[in-house]
Amino acid sequence: MDITTFVIVAVIKVVVVVFILLTGVAYTTLLERKLVARIQNRWGPTRVGPFGLLQPLADGIKFILKEDMVPDSVHKALYIAAPMLALAMSLISIAIIPFGPSITVGGTTTALQITGVVHANGGLSDINIGLLIILGATSIGVYGVALAGWSSNSKYSLLGSLRASAQMISYELALGLSLVGVLLLSGTLSLRQIVDAQGQAPWWGWLPHWYIFPQCVAFFIYLMAAYAETNRIPFDLPEAETELVAGYHTEYSAMKFAMFFMAEYMNMITVACLATLLFFGGWRGPIPHSAPAIVQSLLPVFWFALKVFFFMFLYIWIRGTLPRFRYDQLMAFGWKFLLPLAIVNIIVTSFIVAWRA
Amino acid sequence: MVHEILFVIFGLICVAGAVNLLVQRHPINSALSLVVVMASLALIYLLLGAEFVAAIQVIVYAGAIMVLFVFVIMLLNAGVEERSTGSKVALLLGIPGVIVLGCLVGWIMISNNQRLGGIRINTADFGDTHNIARLLFQNFLLPFEITSVLILIAIMGAVVLGRRSS
């Protein structure tokens, strides 16, 4: 593939992925409102378009048209930079996520991943530290929240951001350690290779070779830590409206508030993608061999999207079901329960891996 | 060629961040300049082909340690620093000292250019995760473990100091 084609294909991939991601974010908010409404025996948004389907569009227009206020006593540069940082860091992660093997359109073969590469012999590869890049982007994303609260110069914002950064740092440990079990089994940090490692022959002939089964403890820890990382119920202490008005984004309005909102939902999607890739076999699923080539290359993306949708549904379901933790309970749960459990899981897994080797 | 250009760009950003760290009067601005320094260092590691070290640099230094710094600055609500007029000793000895040191380092680098040589990246898997792991857990296992004990002692020291005040 010459350099011009490469650049064109890369740009097309970036545009398509970002478009789908932003649409996904918009419709996740609608899904959330609809589902929570049904759980609480209401209808949710119904007025804009059929079944309220155009509601995200109306919300977007509202956010753009609202007055963009900057309060008087904020630290202006950081106040403006914080939402950008949060959004940028949540956008970066999606570049690493593989959505499927590869696709051939008009004689050009390309990987279904922004940073994926197709070799001359047809082999696929991606960044060999993909998982670490996602962890790095999440840890830089903490700055967005921390600086937003501090630069707003308001007590509710500051308390919210202190809670948020403390919570994110604490649960990042459990999150990182929960991934180690999967890494021990697969022996690689590349997301594509981790998914390939889950494509081996099924256990006992019928159970898919997904890491959820040997690593169910790690999956539980990952799920809990991921909810805390994305500040979702039952861990949404940073924006507990009964105590802190709205937490770190109290002083934000219009598009700047929307940027935090989008960053939060994008992080939810990233975390769901990661759970799918690491524990649920990524894009693997039944694919009929008689189907045409284009269907065969797009069906993995469908399985991937289906699994991600399942996790998004779970997010919203839990939001509609569980109450919020108390702050000391949250910290005790993270440090005294999840962290030791993750360490025990690593020790047991490494013993089993060493015993089998 | 692209490597040299990128190296110069990120090197300049790194130095600019370091200078900005000293010049800024508000502690949070200084802390954020340090983050810029860490991030550009990570990119320089990436240019050398050490992608694992680059990722760890971002996660550990920029992501964990500097967040902690920012956190403490936020908690203490440290204000703008007050400038003193500066000491005469620093002016008389410091600036000539810096110049001499810079000249010395530059002279050694230039005169021993042949013997020092550049960094050679021979193999394709230079700096990948397996090689780093082999270095850490096989060749340099003892220093690695001793470092972790050292850090543990530092943590215990912090706990002891923290308890004494209450």
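A:N153 is exposed, at a relative accessible area of 52%, where exposed means over 50%, buried under 20% and partly exposed in between (1.4 Å probe, protein chains only). The residue sits in the loop between α4 (130-151) and α5 of chain A; helices (H or I, at least four residues) and strands (E, at least two) are DSSP runs, numbered from the N terminus. Although A:N153 is not a glycine, its phi is positive, near 60°.

A:N41 also has a positive phi, of about 60°, without being a glycine. Its place is the loop between α1 (3-39) and α2 (55-65) of chain A, and with a relative accessible area of 66% A:N41 is exposed.

## Basis of the model

The model is predicted: local features need pLDDT of at least 70, side-chain atom pairs count only at pLDDT 80 or more, and totals for chains, interfaces and linings use all residues. Residues are numbered from 1 along each chain as its sequence is written, chains are lettered from A and ligands numbered from 1 in the order in which they are written, and side-chain values use heavy atoms, with hydrogens and water left out.

A:S161 belongs to helix α5 (residues 155-186) of chain A. Its relative accessibility is 0%, so A:S161 counts as buried. When neighbours within four places in sequence are left aside, A:S161 is in contact with A:V145, A:A146, A:G149, A:W150, A:Y248 and B:M74; contact means heavy atoms within 4.5 Å. The C-alpha atoms of A:S161 and A:G205 are separated by 50 Å, the two residues being 44 apart along the chain.

## Aromatic pairs

Rings of Phe, Tyr and Trp (its six-membered ring) pair if their centres lie within 6.5 Å; planes under 30 degrees apart count as stacked, over 60 as edge-to-face and the rest as tilted. Over all chains, this rule gives 20 aromatic pairs. The pair A:F309 and A:F313 is tilted, because the ring centres are 6.5 Å apart and the planes stand at 40°. Both residues lie in helix α10 (residues 293-321) of chain A, 4 residues apart, about one turn of the helix. A:F309 counts as partly exposed at 42% relative accessibility, and A:F313 counts as partly exposed at 32%.

In the pair A:F333 and A:F337 the ring centres are 5.5 Å apart and the planes are at 25°, so the pair is stacked. Helix α11 (residues 327-356) of chain A holds both residues, 4 residues apart, about one turn of the helix. A:F333 counts as buried at 17% relative accessibility, whereas A:F337 counts as partly exposed at 40%. One aromatic cluster is formed by A:W210, A:F219, A:Y222, A:F279, A:F280, A:F310 and A:F311.

## Chain B as a whole

Chain B has 7 helices and 0 strands, giving the pattern α-α-α-α-α-α-α along the sequence. The C-alpha trace of chain B spans about 55 × 40 × 25 Å along its principal axes.

Of the 166 residues in chain B, 22% are buried. Among contacts in chain B between residues at least 6 apart in sequence, 66% join residues at least 24 apart.
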